[in-house]
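Please review the briefing below alongside the sequence and structure.

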Number of protein chains: 2
Amino acid sequence: MIKQQINTEKPNKTAEKILIAARKTFAEYGYSGTHVDEIAQRAGVNKATLYYQIGDKDTLYANVIHQVLGNIAQGIAPAVAGADSPEEKLKAYILFIADAVDKNPEIPPIMMREMAADGAHLPRVVVEDIVSVLKILVGILDEGRAKGIFIETVPFLIHMMIMGTILFYKKSSPIKDKQVWLPDDVKARDKKLKGSLGDEVAWLVLRAIKK
Amino acid sequence: MIKQQINTEKPNKTAEKILIAARKTFAEYGYSGTHVDEIAQRAGVNKATLYYQIGDKDTLYANVIHQVLGNIAQGIAPAVAGADSPEEKLKAYILFIADAVDKNPEIPPIMMREMAADGAHLPRVVVEDIVSVLKILVGILDEGRAKGIFIETVPFLIHMMIMGTILFYKKSSPIKDKQVWLPDDVKARDKKLKGSLGDEVAWLVLRAIKK
DNA sequence: GTACGGTTTAACCATATAGTTAAATAAATT
DNA sequence: AATTTATTTAACTATATGGTTAAACCGTAC
């Protein structure tokens with residue numbers, strides 16, 4: 001994968017349009033399922049413009065994935081630092097992720113496909129981002145256990161529980177709501193969440209790991 | 001259960017060889033990323049044979065996905081029925097899923113990609129399978145709540161928590177273990193699971209939803 | 001207005017890939 | 001053994017798709 005970032009100093013309206021179209025298209029169809037022609041068409045731009053402005057399909061994808069997944073890593077550390085107790089920190093951690101996913105609906109499909117592909121297309125920058133997020137969680141769980149608030153857990157499993165729950169729920173609840181195939185008796189039993197998804201997940205995870 | 005015999009001894013089971021190769025290839029590269037030629041090559045068979053024996057790419061994929069995802073729905077009801085209390089039933093439910101995923105490593109990537117694609121390629125049979133699994137969980141949670149054992153929950157969220165945790169963990173732990181990019185201090189904090197993944201997830205989920 | 005540099009475009013190219021066909025081969029049937 | 005049927009194969013086709021090119025376009029400085 002060729003990594004090449006576009007010039008963020010000089011904001012380019014055409015490049016912006018292309019990246020937005022690319023983000024949507026990659027999220028919808030995945031890397032292999034996405035056709036460069038469709039990105040160009042959605043962006044309302046000639047294909048050659050796309051190559052002139054950003055580069056080939058790989059570069060396009062690298063930009064999108066960096067833009068989409070980089071956000072979480074950027075903001076999560078300060079968000080967590082604002083809290084005092086391990087409980088509050090974990091809550092802030094989960095709320096931040098849920099909020100980021102809420103604001104970027106492209107995160108779930110893109111992350112799921114990347115995981116399915118063993119991160120084959122992930123640029124190193126993004127991998128480092130992901131690791132930094134995981135490290136923050138490890139810190140929180142560690143502190144909580146040291147203070148006798150949390151039980152002993154396997155951080156990686158807790159991380160997967162948080163991410164898995166949020167991404168799966170976010171991605172599938174619109175389908176569930178729209179689709180006809182879900183029988184009414186199941187739908188009836190399935191109330192809406194009381195609070196936000198982040199609140200609900202934080203509440204469940206805290207119940208699971210608090211002493 | 002899926003027969004995982006790679007049978008080069010029996011030259012007659014051409015279709016079997018093809019389906020096994022298809023399953024692996026689709027799991028690895030997804031629908032769009034998979035080339036029919038590669039399946040044929042992996043199966044050690046001419047491409048035309050593949051079309052003669054099974055059909056086009058879509059048919060091939062439908063077969064694979066039915067074979068892979070249908071299993072869970074087949075066995076989970078009897079597995080759960082064997083248990084008495086809601087707690088035991090939920091445990092049996094989670095253990096069965098974890099076990100199925102354990103035996104079929106193709107489940108995580110295929111399900112993740114299907115979710116990412118909003119189930120675009122899912123045949124109706126498979127959708128019905130998935131719904132039937134969800135209905136069993138709803139029944140368990142319902143009974144547990146009626147008996148005052150479980151707190152009130154949103155079944156769909158619990159389902160996503162169980163599936164998300166198991167699939168994400170299963171899919172990413174081999175990467176985590178092998179990859180160099182995970183820093184040692186994170187690895188050090190991250191012990192192996194005490195029991196099986198199913199045990200661990202069941203334990204966490206039960207902690208989360210028990211009164 | 002015109003010459004120039006950056007930007008966009010239609011048309012084009014090379015290759016990859018899903019799917020087909022007619023012939024060869026193996027298996028079954030008589 | 002001869003004939004028919006089922007299965008496999010190499011070669012081929014049509015199309016899709018990532019990527020390129022040379023020309024046109026457009027704003028700006030002179």
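At what angle do the axes of helix α4 and helix α7 of chain B cross? This is a predicted model, in which local features need pLDDT of at least 70, side-chain atom pairs count only at pLDDT 80 or more, and totals for chains, interfaces and linings use all residues. Residues are numbered from 1 along each chain as its sequence is written, chains are lettered from A and ligands numbered from 1 in the order written, and side-chain values use heavy atoms, without hydrogens and water.

**Helix packing in chain B**
- The axes of α4 (residues 57-81) and α7 (residues 124-146) of chain B cross at roughly 25 degrees and come within 9 Å of each other.
- α4(B) and α7(B) are therefore roughly parallel (an angle under 35 degrees).
- Residues of α4(B) that meet α7(B) include B:Ile65, B:Leu69 and B:Ile76, while B:Val126, B:Val133 and B:Ile140 are among their counterparts in α7(B) (contact means heavy atoms within 4.5 Å).
- This contact of α4(B) with α7(B) has 12 nonpolar, 3 polar and 1 charged residues by class.

**Surroundings of DNA strand D**
- DNA strand D is surrounded by 16 residues, with A:His35, A:Lys47, B:Thr14, B:Tyr52 and B:Gln53 the closest.
- Of the atoms of DNA strand D that come within 4 Å of the protein, 60% belong to sugar and phosphate.
- α3(B) supplies 4 residues, the largest share of the surface near DNA strand D (near means a heavy atom within 4 Å).
- A phosphate oxygen of DNA strand D lies 2.3 Å from a polar side-chain atom of B:Gln53.
- For B:Thr14, a polar side-chain atom lies 2.4 Å from a phosphate oxygen of DNA strand D.

How values were computed
Axes fitted to C-alpha atoms, helices over the stretch in contact; angles between N-to-C directions. Helix = DSSP H or I, 4+ residues; strand = E, 2+ residues; numbered from the N terminus. Parallel < 35°, antiparallel > 145°, perpendicular 65-115°, else oblique. Nonpolar A, V, L, I, M, F, W, Y, C, P; charged D, E, K, R; others polar. Polar contact = N/O pair within 3.5 Å; in protein donor to acceptor, adjacent residues only side chain to side chain.
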